[in-house]
Number of protein chains: 2
Amino acid sequence: MRRVGEIALISDYLASLASPLGSFGLTDDAALLTGIPAAGLVVTTDALVAGIHFFEDDDPGDAAYKALAVNVSDLAAKAAKPAAYTMALALSEAPDEQWAKRLTSGLARAQNKFGIGLIGGDTVSTRAPWWISITAFGYASPRGLVPRGGARPGDFLYVTGTLGDAALGLQLRLQKLPFAPTLSASQRGHLLHRYLYPDARLGLSEALATHASAAMDVSDGLALDLSRMCSVSQTSASVLVSKIPLSEAAKTLTIASPEAFYSVLTGGDDYEILAAVPQDSASAFEAASFGAGVTVTRIGTVEVGSEAPRFIMADGTLMQLQTRGFEHFKV
Amino acid sequence: MRRVGEIALISDYLASLASPLGSFGLTDDAALLTGIPAAGLVVTTDALVAGIHFFEDDDPGDAAYKALAVNVSDLAAKAAKPAAYTMALALSEAPDEQWAKRLTSGLARAQNKFGIGLIGGDTVSTRAPWWISITAFGYASPRGLVPRGGARPGDFLYVTGTLGDAALGLQLRLQKLPFAPTLSASQRGHLLHRYLYPDARLGLSEALATHASAAMDVSDGLALDLSRMCSVSQTSASVLVSKIPLSEAAKTLTIASPEAFYSVLTGGDDYEILAAVPQDSASAFEAASFGAGVTVTRIGTVEVGSEAPRFIMADGTLMQLQTRGFEHFKV
């Protein structure tokens with residue numbers, strides 16, 4: 001199989017991903033973003049490392065798809081409309097043509113799905129497994145960026161979709177998922193798919209911009225991410241565990257063993273949106289979400305206080321969490 | 001020495017670098033850039049990997065300084081005014097406090113020098129040596145972005161500063177520099193400094209925006225970067241080797257051995273600016289550069305043709321280059 005050097009990787013593969021707007025076909029030192037609305041440009045950066053965020057033998061297109069999706073998810077949580085992205089890519093050697101083609105086609109799939117185009121970046125070498133770092137740009141809503149720190153006591157807490165699937169999918173992939181045999185083949189497929197292909201809830205943008213006081217995506221687990229929202233909002237919160245939306249697969253597992261709830265609360269990679277909505281906007285928010293085709297579920301309430309969010313079980317007791325979610329290079 | 005986890009690295013160190021504009025103190029999922037001029041936002045991405053772009057035992061502040069400087073250099077070459085940057089940072093373990101402090105202070109030095117602030121990013125773990133990927137944003141000049149591909153036959157070619165110092169400094173550092181003993185201590189210091197602390201020729205912005213038909217920074221060697229400018233401009237070029245501006249240190253080495261010219265032409269990391277200027281704007285460009293305090297030197301001419309740029313020696317013969325410059329993961 002022929003190998004592809006740095007210059008050819010850009011001109012023969014990545015250039016096909018170049019946005020018609022401001023990328024100069026990836027032949028310049030920099031890109032030019034114009035037509036930015038007065039509300040501003042929302043900017044987010046997320047990096048994925050082989051062997052840490054995905055498996056070294058994963059299809060490079062899947063990993064690249066995920067890298068772009070998790071960035072777009074941040075734009076979605078801020079009610080921004082995807083516009084463009086840059087990518088830094090580090091490879092340990094000149095890839096073969098098949099690898100380059102897969103990488104490119106994974107990015108092309110994500111570009112098409114999320115309506116975003118490549119405008120620039122950097123390709124470098126590394127002596128280690130490959131990595132990809134993306135910075136994504138979105139046009140801010142005329143109502144501005146929905147902040148993480150705007151939650152107010154009394155607001156209702158909502159999440160989109162279902163939680164825990166990606167973390168359970170990862171455990172399944174690692175053959176470390178208890179009670180996996182209780183799952184049907186399609187349930188297993190669902191969990192694995194959710195780990196590989198996060199969605200970005202772009203449909204919710206209008207509802208968030210209009211009604212939410214705070215929003216963020218759930219990338220490191222609900223418990224940790226909600227504690228972050230509360231911390232920067234200077235609030236506390238309570239969540240009714242029984243209200244947390246679960247897929248059929250996750251339900252099957254939590255019935256088999258309540259332990260699975262820990263994965264639901266502390267597992268990352270769901271990329272659903274967590275939003276705080278003032279009570280008097282709640283029905284309008286729910287209606288707008290329904291109209292946009294995005295399922296939202298009310299799971300709790302923002303509260304006065306500075307303590308960590310409480311997760312209340314059906315019998316009224318609090319769930320004790322030994323860890324709240326994923327942290328890189330912990331002490 | 002106490003170690004610093006991911007969350008503490010952000011809140012106790014990196015947050016001190018947060019721009020007052022749109023960074024939300026690094027507590028949100030994304031940043032918001034507002035006040036972008038109608039001419040647009042110039043965006044560039046460059047990543048540096050320990051063991052590839054810098055030494056693993058380099059001061060992390062020096063490496064981070066360089067990472068930011070090389071990004072700002074791209075903004076300078078496009079005549080853009082630095083505004084903000086995001087940073088993805090990958091570490092193999094929780095760093096100690098001293099390391100975190102050095103990293104932060106190197107970035108703070110670069111921020112102050114270049115007038116730019118941190119607005120967001122991502123911190124991840126890696127099993128390999130650390131790396132840093134920066135995406136920098138600059139406000140485009142009212143005259144727009146100075147492109148790489150605008151050179152026209154007849155344009156004069158200019159470079160800022162002196163070329164070759166960084167490549168020679170790297171060789172000196174690696175104890176692979178021939179005739180190093182002919183250098184004075186201050187000449188050695190100059191070369192090492194140029195390798196570690198690239199400048200970004202921001203002072204030239206106005207002159208470039210007003211007069212240049214094309215510009216780029218020289219990061220991979222003059223021979224390769226000029227060939228890139230010619231290729232995208234669909235031109236050729238000729239350079240008089242004797243006109244290439246050299247520091248006293250580089251002059252000393254080229255007198256001792258003409259071989260040193262190969263490093264000057266093909267060595268990277270200078271981050272000087274290469275510009276093409278129409279002949280009838282040449283004196284105005286030179287005057288504007290002088291007024292801005294940036295030394296520019298005319299080294300050659302853009303020509304009709306598609307062949308690689310020619311490097312003409314004092315005796316009229318062409319310099320034969322076995323390699324034109326640095327390429328990552330070559331085939």
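Two strands pair if DSSP finds at least two bridges between them; strands (E, at least two residues) and helices (H or I, at least four) are DSSP runs numbered from the N terminus.

The model is predicted: local features need pLDDT of at least 70, side-chain atom pairs count only at pLDDT 80 or more, and totals for chains, interfaces and linings use all residues. Residues are numbered from 1 along each chain as its sequence is written, chains are lettered from A in the order in which they are written, and side-chain values use heavy atoms, without hydrogens and water.

**View 1. Strand pairing between chain A and chain B.** Strand 2 of chain A runs antiparallel to strand 1 (residues 31-33) of chain B, with three bridges. L41(A) is placed opposite L33(B), which lies in strand 1 of chain B.

**View 2. Salt bridge of R148(B) with D29(A).** The N to O distance between these side chains is 3.3 Å. A salt bridge is a side-chain nitrogen of Lys or Arg within 4 Å of a carboxyl oxygen of Asp or Glu. The rule finds six salt bridges across the interface of chain A and chain B.

**View 3. The interface of chain A and chain B.** Contact (heavy atoms within 4.5 Å) involves 66 residues of chain A and 66 residues of chain B. The two chains bury about 5,200 Å² between them, 60% of it on carbon and sulfur atoms; buried area is the accessible area (1.4 Å probe) that two parts lose on being put together, summed over both.
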